[in-house]
Amino acid sequence: MGFNNYFGPGRTNQNPYLKSPDNKVPMKLYVPHIGHFEGLEELLAGSDNIYAVYMAGSPEYVGTGRTNLSAPKLEEIAQQTEYAHSKGVKMEIVLNSSCMGGQHLTPEGYRAIDWYFDKLNSIGIDSITVADPYLVEMLAKDYDMDVVVSVLSFVDTPQKAEFYEQLGATTIVVDPAVNRHFDKLEAIRDTVSCKLKLLVNEACLYQCPFRYAHFNFFSHANGPGPKPNVLDDYYYYKCLSLRIKDPQQIIKSPWIRPEDLKEYKHITDTFKIGGRTHFVNWILNNVEAYANERYDGNLMDLLDSIKDLKDTFYIPNRELDGAIEQWKKCDKVCHKCGYCKRLAEKVIYTYSGSGEEIRKIPLGSIGDRT
Amino acid sequence: MSMTQELLKARTSLENNLRELLGVPVFLIEMDAFALPCGCGGVTINTRGLQLDDLEVFEEHILKYLTDTVTSLDIEPSFLFARLIPGTSEIASINARVLCNSCYMDFGRGSGKQPRPDIYIMRFDRRE
C-alpha cells in the first residue's frame, strides 16, 4: 500500500452501509476517534468506510479502561455527534472503566452517572459501551441508547454472553482472547441473539497475566479519581519487554489480519478497530486495510497496544497468509505445537539502525531467544 | 562546550526567559535530547507551571525563545510543539522534533494546530 492509500479517498457522501438498498455491504467498521472536533472532521473526510466512531466521555463520571487523549465535555460531544450524524456515521461513547472502586453503587455515584447517561441520551448518542454489569442493566432499563458490553467485561464463553444478554446488552464485544477459538466464538454466536462485535487489532498478549490489573489501573488513572500518582506503567513496560525477549508472543497475540476477516463473517459482520490514542493518519491506514481486507505492509503498523515496537520489528503481513488455517484448528497447547514459534522465526525481522540507514535482520538468524 | 553543558545552559536560559515573560515561576524540570529508532530526533523540555492559556496569549514570544534555544543546540526548528495533559490546560512539555518521513505523515496530515487533543503545534514547516 502506498502513501496515497494512507490519505484515502475524500468522504463524498453518506455512509455506504446506510445507502445500500439491500444492506449488502460486507461489514460495519467501528473506528476509534481521538476526541476533538478537528480530529473527527479529518477522520470522516479520510474514508467512506466508517460505519461508526467511538470515543471516551468525560472521566468525571465513569472513566475508561484505556489510555485516552481527550475528555470531551457534553457540549463537545453534542457538536461531534451532530456532525457524525450529518455524515451518516453513528456515535458511540465508551465508558468502560473496569473498576470504579464501588463509587457507582453509592447514592452520589449513582445520581452522577444517571445524570450523565441522561445527558448523553438527550444528545442522541447511538450507543454506550460499558464494562460493569450494573451499568449494563441501568442503561438497558432506563435509556434508549444501545448498550454495548465492553471487551473489558471479558466475555469469552457462551455462558457469560448469556448473562450479559439477560442484563440487557444490545451488543457484546467479545474478549479478543478468544479471537482464535472458533469453537467458542461459534458457541457464543449460537447462544445469544444480541449482536456481536470483534476487536481486531488490540494485540494484547495471549492469556496476558497483566490484563485485569492493567485495565483496573487505567480505569483509576482515567476515571473520577482520586488518581494514582504512579511512577511508571509497570504492566506496559513488562508487556513490551516480554515481546522483545520472546517475539513469538507477537504472533500468538490474537489479532485478526485484514485478510482473515472473511473467516469471521459467519460469526459477525461488525468489527472494531482499536487505537484512540493514535494519529488520524494511523487510524485511517487501519480503516483502509480492514475495509479492503488487505494490507501489504508491516503488520506492526496495524497493531494498537504495541505501537511502540513498530520500529523494532518488521512482520510482512502477507507472509502470514494461510496461518489462520492452523489457528482455526489450534488447541492452544503451545509447548507441544510450536507453530507460532516457528512462524515467528520465519517471518519476523528486527530493525537495526534508524532513519535512512535502517536494516532488517531476520529473527531466525539471531537464534532462539526463549 | 560539551553537549551536557550546552543543554544545561539552554535550559537555564529558556527558563529565565519564560519566567520574565509570564511573571510566574515556570519550571523547566528537565531538558532531554532524544533520538528515536524511526529516525526522529530533537529535544523534550518537561515543564511545570506552564498552561495552555500562557501559550495562546504569548505564543509569538514563546515561539521565538524556543526557536532560539533549539537553534543554539544545532537543532533545526522545523517542528515545535507542546504536549498537553489530556483533558486539562496543563502543558507537560515543549518540544522540538526533526521528523522522520513516517512521523511527518502523522503530524502533517491535518492543517490545524491540534492534530491530536494532546498536541499543540507552534511551528510546523511543511515539506514540498
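Predicted model: local features only at pLDDT ≥ 70, side-chain atom pairs only at ≥ 80, totals over all residues.
Residues are numbered from 1 along each chain as its sequence is written, and chains are lettered from A in the order in which they are written. Local features need pLDDT of at least 70, side-chain atom pairs count only at pLDDT 80 or more, and totals for chains, interfaces and linings use all residues.

The model scores ipTM 0.80 and pTM 0.89. Within chain B, the mean is highest in α3(B), at 98, and lowest in helix α4 (residues 101–108), at 92.

Chain B contains four helices and five strands, taken as DSSP runs (H or I, at least four residues, for helices; E, at least two, for strands) numbered from the N terminus. Their order from the N terminus is α-β-β-α-α-β-β-α-β. Of the 128 residues, 31% are buried, that is, with 20 or more other C-beta atoms, placed from the backbone, within 10 Å of their own.

Helix α1 (residues 3–22) and helix α3 (residues 59–72) of chain B have axes that come within 10 Å and cross at roughly 170°; axes are lines fitted to C-alpha atoms over the stretch in contact, with angles from 0 to 180 degrees between N-to-C directions. The two helices, α1(B) and α3(B), are therefore roughly antiparallel, the term for angles over 145 degrees.

Technical notes. Parallel < 35°, antiparallel > 145°, perpendicular 65-115°, else oblique. pLDDT = per-residue confidence, 0-100. Buried ≥ 20, exposed ≤ 12 C-beta atoms within 10 Å, placed from the backbone.
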